[in-house]
Amino acid sequence: MIRWIAFGILFLVWGCQSVSNKKTEEVLNQPWEKIEKAARGSTVNLMMWTGDPLINAYMQDFVVPEVKKRFGIDLKIASGQGNLIVQALLAEIQAGKTESELDLLWINGETFYQLRQIDALFGPWTDKLPNAQYIDFSNPFIAKDFQQPVDGFECPWGNVQMALIYNSQYVPNPPQNRQALAAFLKEHPGKFTFDNQFTGMTFLKSMLMDVAGGAQNLAGDFDEKKYATYSAQLWTYLKSLKPYLWREGKTFPENVSVMHQLFASGELWFTMSNNDNEVDNKVSQGLFPSTSRAYVWDSGLIQNTHYQGIPKLSTNKVGAMTVVNFLISPAAQFRKQNAAVWGDGLVLDVNKLPAKWQTEFQQLPKRKYVPARAELNAKALPELAPEYMIRLSEDFRKNIIEQ
Amino acid sequence: MFRRASLLVYLLLCIVPLLLGLGYVLAYSFGLIGLLNHGFTTAHWRAVLLDKTFWQSLGYSLYIALACMSIVVVVSAALLAGFRKNLTQGFLSAFIYLPLTLPAIVAAFVCFQLWSKSGLISRMVYQVGWIANLDQFPEWINDAWGLGIIFTHTFMATPFFTLLFLQVYEREKIQRLEQLAFTLGATPRQAWLKVTAPILWRKSFFSILLYLVFVMGAYETPLLLGRQSPEMIAPLIIRKLQKFNLLDMPQAYVISAAYLLLLMGFGGLVFSKIKTRMA
Amino acid sequence: MKKTLLFPAILLAFIFGFPLLFLLLLSFGQQWPYPSILPLHWSEETWQKIAWEKRIGNGLGLSLLISLSVGSIASILSLLLAKAVAYSPNQRWWLGGAYLLYLVSPVVLAASWQFYFLRLGWAGQPLGVWLAQFFITLPFGVIFFNSFWNEQQRSLEHLVATLGGTPWQTFWRVSFPLARGPLLICFFQSFLISWFEYGLTALIGVGKVQTLPLMVYQFIGEANIFYAALASCLLLIPPLLLLWFNRRFVFIER
């Protein structure tokens with residue numbers, strides 16, 4: 001009897017696999033009109049982070065009904081952050097699936113790198129999109145993701161600049177570089193920290209570039225020798241800073257959300273965000289005090305882009321491409337950039353747009369608590385090769401947390 | 001016949017999913033499966049077992065769980081001693097259930113908002129004038145001793161064990177035994193220490209042990225209320241499983257397997273001890 | 001009640017009830033800078049933004065459907081299975097398996113099951129999520145009912161049998177009425193396990209099976225504590241209502 005069951009299970013687990021593989025790659029040879037037509041009546045499963053009601057409202061109240069109306073597509077939104085996306089696709093590939101549960105993914109550099117590592121993304125496809133002509137691919141911050149050319153494997157959706165946020169009530173003149181930060185913290189200990197996740201590590205990367213004497217010195221592939229030299233200097237600096245950090249640097253906020261909470265209550269005078277618009281967003285939610293301001297310090301902070309990607313095993317690539325083409329349309333990007341709606345940075349080159357849209361974009365309400373993006377761009381730093389983040393995160397543990 | 005069929009269903013629905021899961025974990029830990037693995041290797045096991053992180057994390061988890069359960073047992077017994085009547089009737093009997101419906105993540109959130117340096121308690125103490133600014137408020141969250149984690153789990157477990165003790169008290173008819181002790185000349189204190197407490201302890205020992213293991217595996221609470229180092233076992237596993245370095249994934253499976261094996265060994269030991277003591 | 005105990009009892013009740021009150025208060029708050037004890041502004045905006053969304057209603061419905069059915073079916077089935085296990089000569093080994101399941105880190109368990117569910121084509125579907133939740137609640141029930149099928153119960157069954165009762169009658173007329181109290185408790189606990197399940201639902205459901213926890217859990221981890229408080233309230237209301245209607249869910253009243 002037991003043997004029967006064992007056989008049954010073996011059969012179930014290794015025996016039955018779906019073998020139908022629709023050759024969706026063929027779609028890439030078709031003209032765009034045919035792609036849009038083929039997408040009509042289909043369902044697109046988009047997995048994205050759903051932790052912000054403003055973003056959820058933008059998707060549910062604007063994007064979902066619009067793509068239904070314009071293209072007859074049912075856009076379904078699945079909740080999941082970067083690591084869930086990676087785990088879901090990884091498991092599908094491991095299980096030998098030929099059809100993915102997902103058709104579209106909202107990803108950023110870290111996830112993009114991991115998905116490329118496991119070869120889970122479909123592409124290149126972005127040059128098929130008619131609206132891709134407006135994308136500012138000449139901007140290296142958009143065309144390159146973690147020093148890797150995106151090569152049409154993901155479509156830019158929003159561009160954001162990392163910014164430090166401070167409470168101007170307590171900090172009239174925020175520090176503009178590492179030395180000034182150290183001096184400031186010696187006078188006001190415990191009011192600054194960074195988190196142990198993506199945002200904090202991005203901050204460390206920015207400082208590493210500063211230590212290295214500029215972004216150009218770390219450009220390109222990972223360089224072990226350079227990393228060893230410059231990271232050692234970075235740890236020396238951070239060790240000298242440690243006693244003056246929040247909780248004497250013995251612990252760090254586990255993620256940026258916790259750091260925002262500590263900032264909102266006044267326990268911290270600083271927080272930081274990968275999105276320069278976040279301060280406007282959080283003040284308008286009534287979370288941050290209205291004396292909050294964001295800035296990019298003189299030694300520069302990283303600017304990066306987040307993207308839409310299509311899983312290699314997606315069964316509805318035509319639908320996914322149609323949705324993305326709408327997401328990067330001037331109308332959708334215009335709405336998204338408004339801080340009252342979401343406040344996500346533009347990936348389009350306004351100068352390339354039809355004249356009507358150019359004037360529309362110029363009339364967008366100005367953001368209140370952070371300088372205009374054009375003023376910040378001079379201080380923008382590029383992302384480094386992904387290995388830098390992995391190594392910094394591990395060595396930060398060894399050299400700072402566990403000390 | 002009916003019993004054999006039931007056992008078969010049990011096998012299919014409980015044991016098989018478990019074994020399939022364990023098989024996957026072991027295979028992954030030895031590099032047999034996994035997209036970024038390249039065939040059989042003991043390298044992941046060596047990496048985990050020879051590194052102090054795993055052992056530290058194990059010790060820290062055990063410390064948190066022991067500290068928590070010691071408090072829970074004492075407090076629950078005290079509540080039973082002091083409020084036995086109120087626990088079965090009246091308003092207290094309605095309120096004591098409430099923490100049972102709190103999931104760990106919500107409990108951790110509330111604990112953070114209450115006890116952190118800028119939390120509600122700190123604000124009250126400030127308004128009373130005991131501290132001049134929030135930096136003077138003691139470190140109860142993200143502290144070296146894991147006080148926040150212990151507090152949260154104590155809060156969630158105390159009602160559970162108070163109710164458990166109450167049930168044991170009634171089922172084992174302890175009240176009659178106590179009265180017997182009184183007639184034999186025992187003081188209330190003696191009766192409690194020599195009669196009530198030993199019975200409660202022995203009858204709920206297994207549940208206490210189980211809850212101990214449950215606290216050891218806590219994830220959300222140490223993540224929000226603990227420090228990055230030392231780290232409890234579940235956050236360590238998830239860090240290896242989901243953080244930036246995909247090549248760390250097999251280590252997550254090694255840690256879960258090693259943790260499981262250690263607990264099984266320990267469980268076997270306890271069982272055999274109980275058996276010999278009973279024999 | 002003795003006068004001396006009244007005040008401590010009130011204090012205790014307050015301590016146990018406070019978190020819920022606190023969450024409810026925070027969910028209506030806006031801006032809470034140190035050192036003010038209460039938030040600076042009050043508004044029902046957060047509720048409007050999150051709780052009245054249409055998809056929240058759908059999620060609530062789906063979650064209730066899954067958790068109520070998982071809870072009831074798992075507890076009834078586990079009552080039957082626990083009997084076979086408890087009366088088996090190899091009880092210790094059978095039961096050991098059920099315990100073992102709870103020693104595996106839930107996320108690791110979910111990751112391993114995900115593999116098999118994908119193979120079987122159950123991932124991303126409500127049925128898959130239902131089964132996964134069923135697989136973790138059933139062993140709980142078996143452990144729970146193990147002590148129910150004790151010596152006393154067995155001798156009672158023998159007695160009925162000697163008096164001429166059929167096995168069916170024994171179960172339906174004797175064991176089942178006795179099990180009613182424990183069944184309610186087991187149902188409620190299984191319901192809770194299923195209701196608060198996040199990791200397994202997210203992985204097996206590939207984020208597509210949108211239960212209420214899946215939708216609101218992300219708010220709890222986010223920067224806005226008022227959203228987090230509201231999300232917590234949404235999660236807590238259904239189990240609290242169940243508890244309100246039937247306090248016997250948590251223990252047997254005699």
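Me: Which residues does Val142(C) touch, not counting residues up to four places away in sequence?
Reply: This is a predicted model, in which local features need pLDDT of at least 70 and side-chain atom pairs count only at pLDDT 80 or more, while totals for chains, interfaces and linings use all residues. Residues are numbered from 1 along each chain as its sequence is written, and chains are lettered from A and ligands numbered from 1 in the order in which they are written. Two residues are in contact if their C-beta atoms, placed from the backbone, lie within 7 Å. Leaving out residues up to four places away in sequence, Val142(C) touches Tyr10(B), Cys14(B), Ser78(C), Leu81(C), Ala82(C), Val85(C) and Ala98(C).

Me: Which residues touch the most other members of the largest nonpolar core?
Reply: A nonpolar core is a set of buried Ala, Val, Leu, Ile, Met, Phe, Trp, Tyr and Cys residues joined through C-beta atoms within 7 Å. Buried means that 20 or more other C-beta atoms lie within 10 Å of a residue's own; exposed means 12 or fewer, and partly exposed is in between. The largest such core has 266 residues, and those touching the most other members are Ala163(A), Leu208(A) and Val142(C).

Me: Which helix gives the most to this core?
Reply: Helices (H or I, at least four residues) and strands (E, at least two) are DSSP runs, numbered from the N terminus. With 13 residues, the element that gives the most to the core is α7(B).

Me: How many residues of chain B are in contact with chain C, and which helix supplies the largest share?
Reply: On the chain C side, 54 residues take part, and on the chain B side 53. Several helices of chain B each supply at least two residues to the touching side, among them α3 (52–88) and α12 (249–278). The largest share, 14 residues, comes from α1(B).

Me: How do the residues on that side of chain B divide into nonpolar, polar and charged?
Reply: Ala, Val, Leu, Ile, Met, Phe, Trp, Tyr, Cys and Pro count as nonpolar, Asp, Glu, Lys and Arg as charged, and the others, Gly among them, as polar. On the side of chain B that touches chain C, the division is 40 nonpolar, 11 polar and two charged.

Me: What percentage of the residues in chain C are buried?
Reply: Chain C has 11 helices and two strands, and its elements run α-β-β-α-α-α-α-α-α-α-α-α-α from the N terminus on. Its C-alpha atoms fill a box of roughly 75 × 65 × 30 Å along the principal axes. Of its 254 residues, the buried share is 47%.

Me: Which residue does a cis peptide bond join to Tyr34(C)?
Reply: The omega of this bond is about 0 degrees.

Me: Is Asp119(A) buried or exposed?
Reply: Asp119(A) is found in the loop between α5 and α6 of chain A. Its phi is positive, about 55 degrees, although it is not a glycine. Because it has 10 other C-beta atoms within 10 Å, Asp119(A) is exposed.

Me: Is Asn142(B) buried or exposed?
Reply: Asn142(B) also has a positive phi, near 55 degrees, and is a residue other than glycine. Its place is the loop between α6 and α7 of chain B. With 25 C-beta neighbours inside 10 Å, Asn142(B) is buried.
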